[in-house]
Amino acid sequence: RCNVILILFMATENCDRAICGSILFVFVVSTSAQLTSDFYQKTCPNVLSIVQSVVQNAVQNETRMAASLLRLHFHDCFVNGCDASVLLDDTPTFTGEKNAFPNAGSLRGFDVVDDIKSALENECQGTVSCADILAIAARDSVVLAGGPSWTVLLGRRDGTTASQADANQDLPAPADSLSTVISKFQTVGLSVQDVVSLSGAHTFGRARCQSFSNRLYNFSGTGKPDSTMQESYLSTLQTTCPQGGDADTVTPLDDITPNYFDNCYFRLLQNDKGLLQSDQELYSTSNATTISFVNTYAANSRKFFHDFKSAMLKMGKISPVTGTSGQIRQDCRAVNSVQNTFVLTADQESHALMSDVFITS
């Protein structure tokens, strides 16, 4: 592991960037690819409390926001790793992920991330990445909804591009078959057990009619509803989402405890009340290896919480940008406009030690 002190320069308008610039900040970054729980211990010691405070206020204002923030982290990590690419707005040089089919009109919480970033920039400028913000906010959201807590590993940096095409290809979709969902998870190093435990995040939050209307009237071209849906539940959903109705109408993923993180989701699957096709197939697919996990989690919430925490930690390690790669965005929605990096010195032992003077070992 090697650490280097970097000085970042922002070129001023009408000024040669190689000659003229103003120093924004000086900091040390680790070139190790290993994420750690104490990455910001000396550079931004209040990072966790700051993120928690903003998330708590957001969830108090809108309960649904907890699920939305968790989903942002998931949708970030599944597309080229946990690099905050999901937060980038489109630019003339790339089409980002926000308008990919699984994200367009449904991903939420960007304003909350902006608020977190602003608070952190006021506390410790240019230090905490947007990718790490997503990881911390996801954990805090689960806890606020009554779910488990875990120690978030930190040290990610932010990517400098995004891909709508990759988002369309890599993200599990509501109408994906079980085999397709499992394949997409395995591509990023997650197991069948991880598929089921992470799907349990659908124990809170909402989904739009367009995400499941394929099951209500003409499933797979049969001209009939999905036969795996419980009849009274189907009738309720058809009332909520009539043919030709508003495709953006939302309904709870878990209609028993829609705002709480618990194991009711798995009991609903056992009763043919999974809202999305990709949810119900975890239980209704004949001889699927996922069935035993559904049954276990339905009967044992502590086991679900344990496995969910483990899966979240695994997901958070998917291809992170670390070391001197990427950048720490000033605005989570945009890549830093100009950034020149100079290596001044090294420290072999410590990592991410903030200093307002040059540190030598």
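Which residues does R208 touch, not counting residues up to four places away in sequence? The answer is in point 6, after the ground rules.

1. **Basis.** This is a predicted model, where local features need pLDDT of at least 70, side-chain atom pairs count only at pLDDT 80 or more, and totals for chains, interfaces and linings use all residues. Residues are numbered from 1 along each chain as its sequence is written, and side-chain values use heavy atoms, with hydrogens and water left out.

2. **Overall.** The protein has 12 helices and five strands. Helices (H or I, at least four residues) and strands (E, at least two) are DSSP runs, numbered from the N terminus. Of its 361 residues, 52% count as buried. Buried means under 20% relative accessible area, exposed over 50%, and partly exposed in between, with a 1.4 Å probe and protein chains only. A contact means heavy atoms within 4.5 Å. Among contacts with a separation of 6 or more, 74% come from residues 24 or more positions apart.

3. **Largest pocket.** Its volume is about 870 Å³. The lining has 40 residues, and the closest to the centre are R71, H75, P174, H202 and L276. Two or more lining residues come from each of α2 (65-77), α6 (178-187), α7 (192-199), β3 (206-208) and α10 (277-284). Helix α2 gives the most, with six residues. By class, the lining divides into 22 nonpolar, 11 polar and seven charged. Here Ala, Val, Leu, Ile, Met, Phe, Trp, Tyr, Cys and Pro count as nonpolar, Asp, Glu, Lys and Arg as charged, and the others, Gly among them, as polar.

4. **Pocket and cavity rule.** The search runs on a 1 Å grid over the protein atoms alone. A cavity is a set of points where a 1.4 Å probe fits but cannot get out. A pocket is an open set with protein on both sides within 12 Å along at least five of seven lines. Lining residues have an atom within 4 Å of a point. Grid points are joined across faces, edges and corners, and a volume is the space filled by probe spheres set on the points.

5. **Cavities.** By this rule there are four cavities of 30 Å³ or more. The second largest cavity holds about 80 Å³ of space. It is lined by L35, H73, A135, W150, V152, L153, R156, M312, L313, G316 and K317. That lining divides into seven nonpolar, two polar and two charged residues.

6. **R208.** This residue sits in strand β3. R208 is buried, at a relative accessible area of 10%. With residues up to four places away in sequence set aside, R208 touches A104, G105, S106, A247, D248, T249 and V250. R208 and C241 are 33 residues apart in sequence, and their C-alpha atoms are 9.0 Å apart.

7. **R139.** This arginine lies in helix α4 (residues 130-144). R139 is buried as well, with a relative accessible area of 10%. Its side chain makes a polar contact with the side chain of D140, at 2.8 Å. A polar contact is a pair of N or O atoms within 3.5 Å; within protein, one must be able to donate a hydrogen and the other to accept it, and residues adjacent in sequence count only if both atoms are side-chain atoms. Not counting residues up to four places away in sequence, R139 touches L48, S149, W150, T151 and V152.

8. **Helix α11.** In α11 (residues 291-299), V294, Y297 and A298 are buried. Seen down the helix axis, the buried residues fall within an arc of 105°, so they line one face of α11. The arc is that of the directions from the helix axis to the C-beta atoms. An α-helix has 3.6 residues a turn, so residues three or four places apart point the same way. The buried residues of α11 pack against α7, α9 (264-270), α10 and α12 (301-315). I291 also lies in α11. Leaving aside neighbours within four places in sequence, I291 is in contact with L282, Y283 and T285. I291 and E281 are 10 residues apart in sequence and 9.1 Å apart, C-alpha to C-alpha.

9. **Positive phi.** Most residues other than glycine have a negative phi. A84 has a phi near 65°, a positive value. A84 is in the loop between α2 and α3 (110-123), and counts as buried at 0% relative accessibility. D272 has a phi near 60°, also positive. D272 is in the loop between α9 and α10, and counts as partly exposed at 29% relative accessibility.
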